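Here is a short briefing on one protein model. Look at the sequence and structure first, then read on.

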Amino acid sequence: MALYSEKVMEHFRNPRNVGVIENADGIGEAGNAKCGDIMKIYLKIEDDIIEDVKFETFGCGSAIASSSMATELIKGKPVSEALTLTNKAVAEALDGLPAHKMHCSVLAQEAVKKALQEYNERNK
């Protein structure tokens, strides 16, 4: 059995939504000092819908794939729905991650939540 699913490899080789959004409505960053992975998520939100999302990730293939998949899962969704994103949903959408790489999906979830939290605080 391969260590990584084809979907993980596809999102690692061809990540979606890479980049920065200038004047983002919410920015979230999450990192793990132990493994060195750092993710930054940028959101552009209009009428409570995530119109655009970009990411910058410094890390392993699983971190890049998790960031890419997380952005795909929330793009075009209402903020309320994006807030329910879980690391399990990210991992499942990637057809699984090895146990020792599950922390990458956790970082993706945390970065999304932090970006949404910043957006909500700005728009109270």
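Are Lys88 and Glu92 buried or exposed? Lys88 is exposed, and Glu92 is exposed as well. Here, buried means under 20% relative accessible area, exposed means over 50%, and partly exposed lies in between (1.4 Å probe, protein chains only). This is a predicted model: local features need pLDDT of at least 70, side-chain atom pairs count only at pLDDT 80 or more, and totals for chains, interfaces and linings use all residues. Residues are numbered from 1 along each chain as its sequence is written, and side-chain values use heavy atoms, with hydrogens and water left out.

**Nonpolar core**

- In soluble globular proteins, nonpolar side chains tend to be buried together.
- The largest nonpolar core in this model has 31 residues. A core of this kind is a set of buried Ala, Val, Leu, Ile, Met, Phe, Trp, Tyr and Cys residues joined through side-chain atoms within 4.5 Å.
- Ile41, Leu43, Ile50, Ile74 and Leu116 have the most contacts inside this largest core.
- At least two core residues come from each of these elements: S2, strand S3 (49-58), helix H2 (61-74), helix H3 (79-82), helix H4 (87-93) and helix H5 (102-122). Helices (H or I, at least four residues) and strands (E, at least two) are DSSP runs, numbered from the N terminus.
- H5 gives the largest share of this core, eight residues.

**Salt bridges**

- Side chains of opposite charge can pair when their charged atoms come close.
- A salt bridge here is a side-chain nitrogen of Lys or Arg within 4 Å of a carboxyl oxygen of Asp or Glu. By this rule, the count is six.
- Lys40 pairs with Glu29 in a salt bridge, and their closest N and O atoms are 3.9 Å apart. Lys40 sits in strand S2 and Glu29 in strand S1 (residues 26-32), so this pair ties together parts that are 11 residues apart in sequence.
- Lys40 is partly exposed, at 27% relative accessible area. Glu29 is also partly exposed, at 41%.
- Lys88 and Glu92 form a salt bridge through their side chains (3.9 Å, N to O). Both lie in helix H4, four residues apart, which is about one turn of the helix.
- Glu118 and Arg122 form a salt bridge too (2.8 Å, N to O). These two residues are four apart in helix H5, so about one helical turn separates them.
- Glu118 is partly exposed, with a relative accessible area of 25%.

**Surface charge**

- Which residues gather in a patch of negative charge on the surface? They are Glu46, Asp47, Asp48 and Glu51.
- Patches are made of residues with over 30% relative accessible area and no salt bridge; like charges are joined within 9 Å, and nonpolar side chains (Val, Leu, Ile, Met, Phe, Trp, Tyr) within 5 Å.
- Lys and Arg count as positive, Asp and Glu as negative, while His and the chain ends are not counted.
- Glu46 belongs to strand S2 (residues 37-46). Glu46 counts as partly exposed because its relative accessibility is 47%.

**Positive phi angles**

- Most residues other than glycine have a negative phi, and most peptide bonds are trans.
- Asp48 has a positive phi of about 65 degrees, although it is not a glycine. Asp48 is in the loop between S2 and S3, and is partly exposed at 39% relative accessibility.
- Asn23 is not a glycine, yet has a positive phi of about 55 degrees. Asn23 lies in the loop between helix H1 (6-13) and S1, and counts as exposed at 68% relative accessibility.

**Distances along and across the chain**

- Ser5 lies in the segment before H1. Ser5 counts as buried, at 16% relative accessibility.
- Ser5 and Gly96 are 91 residues apart in sequence, and their C-alpha atoms are 6.8 Å apart in space.
- Val112, in helix H5, is buried with a relative accessible area of 1%. Val112 and Gly96 are 16 residues apart in sequence and 19 Å apart in space, C-alpha to C-alpha.
- Lys113 is in helix H5 and is partly exposed at 24% relative accessibility. Lys113 and Gly31 are 82 residues apart along the chain, with 13 Å between their C-alpha atoms.

Terms used: Areas by Shrake-Rupley, 256 points an atom, 1.4 Å probe, with all protein chains shown as cover. Charge placed at Lys NZ, Arg CZ, Asp CG, Glu CD.
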